[in-house]
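Please open the model in a viewer and keep the selection panel at hand.

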Amino acid sequence: MTKRPNTKRPNRRPPIAIVAMAIIAVAVLALPLVGLLQRTPWSSLGTTLGETATLEALRVSVVVSLLAAAVSVVLGLPLAWVLARLSFRGRALVRAIVLLPMVLPPVVGGIALFFALGRKGLVGRALHDWLGIDTLIGTTAGAVIAAAFVSMPFFVITAEAGLRQLDPRLESAASTLGAGRWTVLRRITLPLLAPSLAAGATLSWARALGEFGATITFAGNHPGRTRTLPLAIAQANEAGQPEAAIAMSVLLIGVSLLILIGLRHRWIAPRTPRQQSSPESSPS
Amino acid sequence: MSIQAQVHAATGDFTIRAQLDAPAGSCTAIVGPNGAGKTTLVHVLAGLIPLQRGNVVLAGQLVDHPAQGIHVPPDRRPIALHSQHNLLFPHLSVVDNVAFGPRCAGLAARPARRRAEEWLNKVGLADLAGLRPAQLSGGQAQRVGLARAAACEPAVLLLDESLASLDAETRTDVRHLLADIDATRVLITHDPVETRVLADQLLVMERGEIVQTGTPVEVASDPRTPWTAGLLDINLLAGIAAGTEVALEGGLALTTATPMTGPVLVTFSPAAVTLSTAEPHTSARNTWQAEVARIQPESDRVRVLLGRPVPCQVWVTPQAVGELGLSTGSRCWAALKATELTVREA
């Protein structure tokens with residue numbers, strides 16, 4: 001008998017206390033969903049979802065969340081590059097500012113946006129005076145800004161992590177083969193970064209889709225302009241229309257599941273390169 | 001001159017100082033211990049590391065002159081670099097990797113692909129064109145990396161240990177390929193055979209400085225530092241084989257244990273040769289009378305360099321030198337067993 005510690009413990013019984021806690025954890029996460037699905041009026045679901053107000057909220061949600069994700073990508077990618085590739089004084093501070101919206105209560109973000117971009121706010125007044133923009137409050141643009149505020153950090157940290165994993169020597173190698181900066185970016189950096197960018201964009205889009213606090217605080221709750229699905233759900237629930245609230249919730253659960261399935265391929269089981277056969281190039 | 005470089009550069013705490021002149025179409029081998037600054041020097045030529053002082057002229061183009069504020073980025077230099085890490089682009093197929101340089105040089109997709117296929121064919125990997133780099137073995141990846149740099153068809157081809165992980169047979173093929181390339185080549189290597197066969201000039205680098213320059217034969221016959229002597233601690237002779245007989249340049253014929261035909265390289269250790277004053281009667285298949293060209297005492301042994309008929313080096317003990325009465329210009333007999341010889345295709 002060796003006294004070496006056995007790293008594999010195939011025959012040990014799993015510790016009951018830990019398994020029990022894990023089951024309770026799953027219950028805490030799953031039971032609300034079960035309760036909701038159990039109350040769902042499946043037969044009238046289609047009719048409820050087909051109502052004009054619901055469709056309108058769905059349209060606002062789609063528009064706002066996609067635009068917010070687009071803003072996150074367009075502004076977030078250069079920011080991620082700066083954070084990953086440049087070292088400068090205050091980089092830790094910049095990263096803290098970038099991450100803040102992830103831990104900040106969204107309603108606080110909404111208040112902050114209101115005082116910055118509102119008609120009397122620091123930036124809001126400048127927008128009014130110089131660009132003639134009356135106000136962002138109550139507009140779809142305002143809702144997009146609120147959603148981008150909370151969702152951009154998700155894109156930035158994912159893209160930054162991707163950039164840090166990318167071997168900068170590959171970019172140097174491309175330059176020693178004659179590739180200028182733009183070619184390196186287009187043919188090496190971005191393609192290698194694509195999985196991270198896709199994951200980051202999906203995450204930030206998902207966050208924007210679920211956004212409630214900052215939107216309602218900053219952009220308000222105006223049907224057809226800023227009333228997204230989460231706002232419409234809250235509205236319906238408070239107005240004593242639980243069927244509508246449940247139906248729209250089921251819709252959002254479905255979308256969330258689709259996002260998870262989409263991300264699973266990117267994260268949990270990264271695709272392996274497919275074997276390509278090219279018989280035309282084999283001389284044999 | 002295709003390369004004229006006065007290099008004074010630094011990465012971190014490490015400084016290199018080197019001068020390099022290479023005529024167009026020549027091959028310069030840079031040898032030296034690990035950490036000597038060989039890769040740094042090549043990266044300076046490639047433009048990946050900025051020069052602190054000095055200047056670099058490549059194929060008539062002034063690419064580095066810090067005093068005049070000139071630093072041409074790698075992509076606008078007449079170079080291609082094959083790094084020792086290969087650095088194949090993982091998202092591109094093998095053929096697209098090799099076509100990358102030609103595409104950057106402005107070739108359209110189809111001609112670039114055709115040139116890539118030609119080069120893959122030259123390194124013997126045409127049938128792997130559609131694979132991804134992750135599916136290649138180390139040796140295959142190295143040949144793809146080499147083909148990718150060569151496909152740029154640059155004026156100056158920079159090769160950082162490009163043959164290191166190839167097996168003996170492929171190594172010979174690729175060495176032939178490198179010998180036939182028109183470009184001015186700068187090659188970092190650890191292989192004494194490579195330096196002898198490929199290099200027109202040898203640069204020995206140690207601790208960031210060039211300690212010796214010359215043709216491989218010059219350096220081998222007069223190594224200035226222990227490291228150089230160690231690298232070249234091998235006798236390497238070229239000849240023509242017919243069966244187990246190899247006719248060497250210089251008139252001597254050696255008997256080997258391995259039958260071969262055609263041009264070959266014969267290598268043997270300096271320890272494999274025994275010296276005597278009279279003609280030896282031994283089982284050794286090869287004996288010849290030689291002239292002592294030089295005697296070079298080292299710490300615990302003496303390196304005897306034999307001249308005519310073929311140059312080779314022999315290690316003996318200090319006692320043996322006295323007993324045999326060896327001195328420069330004296331004559332002695334050398335004996336070498338056939339089984340001590342390694343013969344390979346040239």
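**A tour of chain B**

Begin with the open sheet of 5 strands in chain B, whose order is β14-β18-β15-β16-β17 and whose pairing is antiparallel. Strands here are DSSP runs (E, at least two residues; helices are H or I, at least four residues), numbered from the N terminus, and two strands pair if DSSP finds at least two bridges between them. The model is predicted: local features need pLDDT of at least 70, side-chain atom pairs count only at pLDDT 80 or more, and totals for chains, interfaces and linings use all residues. Residues are numbered from 1 along each chain as its sequence is written, while chains are lettered from A and ligands numbered from 1 in the order in which they are written.

Select residues 273-276 and 312-316 of chain B next: these are the edge strands β14 and β17, each of which pairs on one side only. On average, neighbouring strands of this sheet are turned by 45° against each other, direction ignored. The axes behind such angles are lines fitted to C-alpha atoms, for helices over the stretch in contact, and angles run from 0 to 180 degrees between N-to-C directions.

Move to the open sheet of 3 strands, with the order β12-β13-β19 (chain B) and antiparallel pairing. Its edges are β12 (235-248) and β19 (342-345) of chain B; each has a single partner strand, so one side of each is left without a neighbour in the sheet. From one strand to the next the twist averages 40°.

Select β13 (residues 253-268) of chain B together with β12(B): the two pair in the antiparallel sense over 12 bridges. A pair to display is G243(B) and its bridge partner in β13(B), M260(B).

Finally, colour chain B by domain, with domain 1 at 3-231 and domain 2 at 236-345; the bounds come from an automatic or database domain assignment. The C-alpha centres of these two domains of chain B lie 34 Å apart.

What meets where the domains touch? In chain B, 6 residues of domain 1 are in contact with 6 residues of domain 2 (C-beta atoms, placed from the backbone, within 7 Å). On the domain 1 side, the elements giving two or more residues are α5 (168-180) and α6 (192-198) of chain B, and α6(B) provides the largest share, 3 residues.

Conventions
Two residues are in contact if their C-beta atoms, placed from the backbone, lie within 7 Å.
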